[in-house]
Amino acid sequence: MPIPTGRFAPTPSGRLHLGNILCAMLAYLSARSQAGRFLLRIEDVDIPRCPRRLAQQAIDDLTWLGFTWDEEPLYQSDRSDIYRAALHRLAEGGHTYPCFCTRAQLMSLAAPNLGDTQVIYQRTCANLTPEEAAQRALTRAPATRLRVPDEDISFTDGLFGIQTENLERDCGDFILRRSDGLYGYQLAVVVDDALQGVTEVVRGRDILSATPRQLYLQRLLGYGAPEYVHIPLLVDHHGRRLAKRDKDLDLTALAQRFTPADILGMLAFSAGLIEEVRPSTLEQLIPLFDWQKVKRDDLRLPECIMA
């Protein structure tokens, strides 16, 4: 049996907010309650958006809150050679193709929409001949896309049960490497979870739809799949989703008003781990942790943290 191994993998494009800390707390408590390992991975593969100073700030914040991890933090920005090797394997298997579409072209397509900034790719470049691709590459560096099948991928989420997505209909061919040479989230996270021995992934429900495409990538690369737990979103007491732009709820502001135990106790109460708001350390929360206690609806912060 592999050692239970969880991880927290923030993207340091801004200061950690309470939603990030909640995710880290639940991942940590789950791993430690199983006498398992807990890893910290800095998902700074998008190097221009993720300066190293913000990564260090996240590490400092987590340390202040009482988190410990079992290896040195792993930085995705240092691992391009590893992602390149994985992409080469996929290309050799005939699973990828170059895409020359610009962002403006993608957003102008009359295509199913995945949100404000995503559309399902219509395979405009999927059948280019090698000669056509070479000609286009003279004027624009291509992104690399993974060709997905018309296949339903299912998994059982630790909180939300059975989830199913049809890769072709609901996702479309997705990017593994951008046109600027930076590797995509889907490839990097799959490679790193496998090579780090991660057995449980705890992350927000807002990226639940990424899991089927990651399961497909794991299959192509010959990796096993971890267990997935997608936690409800943390909202303020008005029901508004938290974001990095909420400066009043990042740790710069909160540390002036609360101790680490105050913050963790309020998050534990919001999640359903304890029945009243009280200061709590991570070590105090470990024996109280149970996924069955965690609420399935959006988690509301107590009003006292918003005062």
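**Exercise 1. Is Arg-123 buried, partly exposed or exposed?**

Solution. 
- Start with the cut-offs: buried means under 20% relative accessible area, exposed over 50%, and partly exposed in between (1.4 Å probe, protein chains only).
- Arg-123 has a relative accessible area of 27%, so Arg-123 is partly exposed.
- Now place the residue. Arg-123 sits in the loop between helix H4 (103-108) and helix H5 (130-137). Helices (H or I, at least four residues) and strands (E, at least two) are DSSP runs, numbered from the N terminus.
- Check the backbone. Phi of Arg-123 is near 60 degrees, a positive value in a residue other than glycine. Most residues other than glycine have a negative phi.

Before going on, note the source. This is a predicted model, in which local features need pLDDT of at least 70, side-chain atom pairs count only at pLDDT 80 or more, and totals for chains, interfaces and linings use all residues. Residues are numbered from 1 along each chain as its sequence is written, and side-chain values use heavy atoms, with hydrogens and water left out.

**Exercise 2. Describe the overall fold in numbers.**

Solution. 
- Count the elements: the protein has 11 helices and 12 strands.
- Take the extent. The C-alpha trace spans about 65 × 45 × 35 Å along its principal axes.
- For 307 residues, a compact globule would have a value near 19 Å; the protein has 20 Å, which agrees.
- Look at burial: 50% of the 307 residues count as buried.
- Look at contacts, meaning heavy atoms within 4.5 Å. Among those between residues at least 6 apart in sequence, 76% join residues at least 24 apart.
- Finish with the surface. The accessible surface comes to about 14,300 Å², of which 50% belongs to carbon and sulfur atoms. Areas come from the Shrake-Rupley method with a 1.4 Å probe; for residues, only the protein chains shown count as cover.

**Exercise 3. Find the aromatic pairs and classify Phe-155 with Tyr-228.**

Solution. 
- Set the rule: rings of Phe, Tyr and Trp (its six-membered ring) pair if their centres lie within 6.5 Å; planes under 30 degrees apart count as stacked, over 60 as edge-to-face and the rest as tilted.
- A search of the whole structure finds six aromatic pairs.
- In one of them, the rings of Phe-155 and Tyr-228 have centres 6.1 Å apart and planes at 70 degrees, so the pair is edge-to-face.
- This pair links distant parts of the chain: Phe-155 is in strand E6 (residues 152-157) and Tyr-228 in strand E10 (residues 227-231), 73 residues apart.
- Check burial. Phe-155 is buried at 9% relative accessible area. Tyr-228 is buried too, at 3%.
- Ring pairs also link Tyr-28, Phe-38 and Phe-67 into a cluster.

**Exercise 4. Which residues does Thr-144 touch?**

Solution. 
- Thr-144 lies in strand E5 (residues 143-146) and is buried, with a relative accessible area of 10%.
- Leave out residues up to four places away in sequence. Thr-144 then touches Leu-87, Thr-96, Tyr-97, Phe-174, Ile-175, Leu-176 and Arg-177.
- Follow Phe-174. This residue is in strand E8 (residues 174-177) and is buried at 6%.
- With the same exclusion, Phe-174 touches Thr-144, Arg-145, Leu-146, Val-148, Gln-186, Arg-213 and Leu-217.
- For a distance, take Ala-271: Phe-174 and Ala-271 are 97 residues apart in sequence and 33 Å apart in space, C-alpha to C-alpha.

**Exercise 5. Where do Glu-72 and Gln-76 lie, and is each buried or exposed?**

Solution. 
- Glu-72 lies in the loop between helix H2 (52-65) and strand E3 (74-75). At 69% relative accessibility, Glu-72 counts as exposed.
- Glu-72 and Leu-39 are 33 residues apart in sequence, yet 8.1 Å apart in space, C-alpha to C-alpha.
- Gln-76 lies in the loop between E3 and helix H3 (80-92). At 1%, Gln-76 counts as buried.
- Not counting residues up to four places away in sequence, the contacts of Gln-76 include Arg-41, Asp-44, Tyr-83 and Asp-192.

Notes:
Rg over C-alpha atoms; globule rule 2.2 N^0.38 Å.
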